Amino acid sequence: MGIFLRQLNESTIKYLRRCKLLVIGAGTGGCSTVSRFARKLKDNEIIILEPSPVHYYQPMFSLIAAGLKKQSDSCRPLENILPANVDWIKDYADDFDPCNKIVYTKCGHKILYDFMVIAVGLKNDYDKILGLFEALENKTRNVSTIYASKYCTKTWDNIVNFRGGHAIFTYPSNGGKCGGAAQKIMYLADDYWKKHKIRDNINITYNTGGDVLFGVSKYATALQKIVADRNISVNYCSELVEINEREAVFKDSDGGKIILPYNFLHVTPPMSPPKCLTRCKELVTESGYLDVNKYTLQHRSFPDIYGIGDCISTPNSKSAAAVAAQSSIVERNLTNTMTDKPPVAKYNGYGACSILTSYKTGILAEFLYDKRVWETFPFDQSKERRLFFSLQKEYFPYLYWNKVITGKWDGPSRLRNIINPLRRQY
């Protein structure tokens with residue numbers, strides 16, 4: 001497939017470009033990377049390839065869906081974010097040729113690079129759930145998701161207009177972006193319905209394709225208590241495969257079908273890296289993720305290539321907090337690679353997930369590889385606190401727009417060393 005595409009692309013080339021550093025994707029990872037290297041490299045040495053004119057702060061989608069923020073709060077024009085000395089090609093990556101250090105684009109660019117950072121993220125695979133896309137597009141159906149900007153306001157409308165019945169929230173077995181977000185919107189909906197005195201008319205069910213409520217046992221225990229206290233039913237090993245106007249069809253761990261009627265349905269779609277990456281077998285693992293060393297983030301076969309963000313094969317939480325920590329590692333190691341030095345900085349798998357549990361409280365999960373808890377504050381972060389609600393609603397957006405995507409935030413390690421030097425691991 002790859003060789004055929006490259007031959008086809010060679011016959012349709014319109015533009016030939018060269019650069020020292022090519023960054024694919026302008027999400028959190030791509031923007032933070034070009035911001036860091038724009039301060040190191042000369043003008044016209046960096047190209048970023050990204051078709052979208054808008055950059056989204058995706059963790060805000062759940063706040064929009066809960067009526068806490070406006071949709072306009074979650075996005076900014078990409079041209080206002082990228083450094084002035086970065087060349088932006090508004091196009092899609094179409095094919096990779098890592099052996100010859102070439103990327104072909106959909107509109108006919110052939111880009112030759114010395115070094116490359118791949119930050120293409122994950123796409124929502126709506127087509128893997130029969131009937132999902134049609135239901136999301138239908139404004140009269142109570143089916144929504146917070147995992148796309150265009151459906152966040154629909155989620156809020158569905159929550160506000162719901163008057164009773166069975167509300168189902170789902171999460172797929174293959175995970176995806178921020179596993180806590182699927183529960184976050186459920187807890188916020190529960191609290192909204194409670195405040196408006198209709199919760200007694202609603203049964204809430206959380207169906208997860210996994211066998212635990214959360215991947216780190218300390219936080220799973222805390223969340224199990226929350227769902228029990230709020231009378232939320234949980235079905236494990238239950239994968240959504242089909243929906244119609246009245247019923248959701250799930251597959252259990254034995255391959256059997258479970259059919260549940262619903263009146264409100266919030267879906268976390270399956271996710272995977274985009275096809276431009278997955279069809280380049282030289283670059284990816286069997287599951288389609290960019291094959292990088294989990295510590296250095298350097299590609300295992302091509303030392304001139306690094307990866308960052310949700311599309312890479314590292315076994316960590318897919319979150320903006322993880323990307324912030326990774327961007328520092330990529331900067332240090334790629335700088336060494338550019339000067340023929342070995343990569344020495346090591347990513348420890350840090351990730352964080354802020355899970356709002358009401359319109360006042362939340363918990364803050366922080367952990368490393370092997371699911372080791374690694375908390376910033378000198379108190380138990382698995383307990384519901386007003387502080388964590390305030391952090392997500394007010395401080396984290398400020399941090400993101402002003403520090404994370406500008407490449408000025410390496411994560412909370414320095415703060416942690418000051419306020420929690422005797423941090424405990426669990």
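Two strands are taken to pair if DSSP finds at least two bridges between them. With that criterion in mind, open the structure, which is a predicted model.

**Stop 1: residues 165-171 and 202-208.** Select strand β11 (residues 165-171) together with β12: the two run parallel and are joined by seven bridges. Next, colour β12 (residues 202-208) by accessibility; six of its seven residues are buried, so the strand is mostly covered.

Stop 2: Strand β13 (residues 232-235) pairs with β12 in the parallel sense through four bridges. Within that pairing, select Thr205 and its bridge partner in β13, Ser233.

**Stop 3: the open sheet.** Now select β14, β15 and β16, three strands that form an open sheet in the order β14-β15-β16 with antiparallel pairing. Because β14 (238-243) and β16 (257-261) are the edge strands and have a single partner strand each, one side of each lacks a neighbour in the sheet. Viewed from strand to strand, the twist averages 30°.

**Stop 4: residues 247-252.** Zoom in on strand β15 (residues 247-252), which is antiparallel to β14 and joined to β14 by five bridges. Finish at Ile243, whose bridge partner in β15 is Ala248.

How values were computed. Residues numbered from 1 in each chain as written. Predicted model: local features only at pLDDT ≥ 70, side-chain atom pairs only at ≥ 80, totals over all residues. Heavy atoms only, no water. Axes fitted to C-alpha atoms, helices over the stretch in contact; angles between N-to-C directions. Buried < 20%, exposed > 50% of the residue type's maximum accessible area, 1.4 Å probe, protein only.
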